[in-house]
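Keep the picture open while you read.

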Amino acid sequence: MKHLGTNVDLTSKDEDKKSERKAWVNCFEIKGVLPCFTTPGYIRIVAQADNLLDEIISILALKYPPGKVEYFEELNELTLKIHNRLINLFPSGKITMTNTKDLDEARTVLEEIKNMINEAYIDFLKYGKPKSEDLQAIKHLTWLNLYKYLPRTNCGACGYATCMAFTMNVLQGNAKLSQCAPLRDQKYSANVEEIKKILGPYLLQSLGWK
Ligand code: SF4
């Protein structure tokens with residue numbers, strides 16, 4: 001089992017070791033298939049990762065827009081609301097998934113989760129462990145907090161008729177913050193700095209600011 005320590009050495013010239021470290025999880029094994037509670041004929045599954053998820057869960061929580069996650073800090077458990085289903089991740093490496101058509105679909109979604117976990121690990125290597133404020137931002141970020149730093153001209157350049165509609169779609173993960181091209185104007189540079197402050201590096205990335 002690997003742990004996120006302070007002694008991660010990314011300067012190694014050993015390419016094999018580097019790529020091994022980048023894969024926090026290599027696979028999930030499906031341990032149980034049960035009938036879905038909500039959709040007749042569908043299944044829910046229980047799977048197990050080949051590594052603990054205890055130290056990666058909070059980073060994974062920040063990989064998704066706030067509208068798609070519920071992070072329970074006290075338990076260090078995460079619920080993802082993606083692909084029209086609930087996916088729960090536990091520190092032990094257990095993962096459960098509802099509303100799934102069949103095992104092929106389950107494997108496809110598990111592969112996606114695995115890739116996100118491994119991206120979260122790369123984020124850890126880049127930014128370090130998230131601060132408590134970063135995690136609090138998921139809970140406390142409202143559309144109004146973000147909206148007030150946008151240009152609020154309702155110009156439509158982002159593809160949404162109003163800045164308010166755009167903000168809500170950003171928080172739901174349907175739009176990327178970088179779609180607001182006017183925000184890059186020099187006159188909004190102080191707003192961008194405020195946005196960076198309230199979001200932190202992780203959320204800034206998950207909301208699509210580049
Ligand atoms: S591009 Fe920016 S300023 Fe224009 S409507 Fe969208 S969010 Fe508002």
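Predicted model: local features only at pLDDT ≥ 70, side-chain atom pairs only at ≥ 80, totals over all residues.

1. Two terms come first. Two strands pair if DSSP finds at least two bridges between them. Helices (H or I, at least four residues) and strands (E, at least two) are DSSP runs, numbered from the N terminus. With that in hand, look at β5 (residues 85–89) and β6: they run antiparallel and are joined by 3 bridges.

2. Residues are numbered from 1 along each chain as its sequence is written.

3. How confident is the predictor? pLDDT is its confidence in each residue, from 0 to 100. The chain has a mean pLDDT of 88, and 90% of its residues reach 70 or more. Residues 5–20 are a stretch to treat separately: pLDDT stays under 50 there, and the model has 6 contacts for them beyond four places in sequence. Two residues are in contact if their C-beta atoms, placed from the backbone, lie within 7 Å.

4. Now the overall layout. The chain comes to 7 helices and 6 strands, and along the sequence the pattern reads α-β-β-α-β-β-β-β-α-α-α-α-α. Take contacts between residues at least 6 apart in sequence: 62% of them join residues at least 24 apart.

5. In what order do the 6 strands sit in the open sheet? Going across, you meet β1-β2-β6-β5-β4-β3, with antiparallel pairing. The edges are β1 (28–35) and β3 (69–72), each of which pairs on one side only. On average, neighbouring strands of the sheet are turned by 15° against each other, direction ignored; the axes behind that angle are lines fitted to C-alpha atoms, for helices over the stretch in contact, and angles run from 0 to 180 degrees between N-to-C directions.

6. Let's walk through some of the pairings. β2 (residues 43–49) and β6 (residues 94–100) run antiparallel and share 5 bridges, with I43 opposite T100 in β6. β4 and β5 are also antiparallel and joined by 5 bridges; here K81 stands opposite L86 in β5.

7. N76, in the loop between β3 and β4, has a positive phi near 55°. N84, in the loop between β4 and β5, also has a positive phi, near 60°.

8. N76 counts as partly exposed because it has 16 C-beta neighbours inside 10 Å. N84 has 9 such neighbours inside 10 Å, so N84 counts as exposed. Of the chain's 210 residues, 29% count as buried.

9. Over on the helical side of the sequence, A161 is in the loop between α5 (143–147) and α6 (163–171). A161 counts as exposed because it has 11 C-beta neighbours inside 10 Å. Beyond its neighbours within four places in sequence, A161 is in contact with N154 and G156.

10. Last, the ligand. Which residues are closest to it? They are P151, C155, C158, C163 and C180, among 14 residues that surround the ligand; a residue counts as near if its C-beta atom, placed from the backbone, lies within 6 Å. By class, this shell has 11 nonpolar, 3 polar and no charged residues. Here Ala, Val, Leu, Ile, Met, Phe, Trp, Tyr, Cys and Pro count as nonpolar, Asp, Glu, Lys and Arg as charged, and the others, Gly among them, as polar.

Key. pLDDT = per-residue confidence, 0-100. Buried ≥ 20, exposed ≤ 12 C-beta atoms within 10 Å, placed from the backbone.
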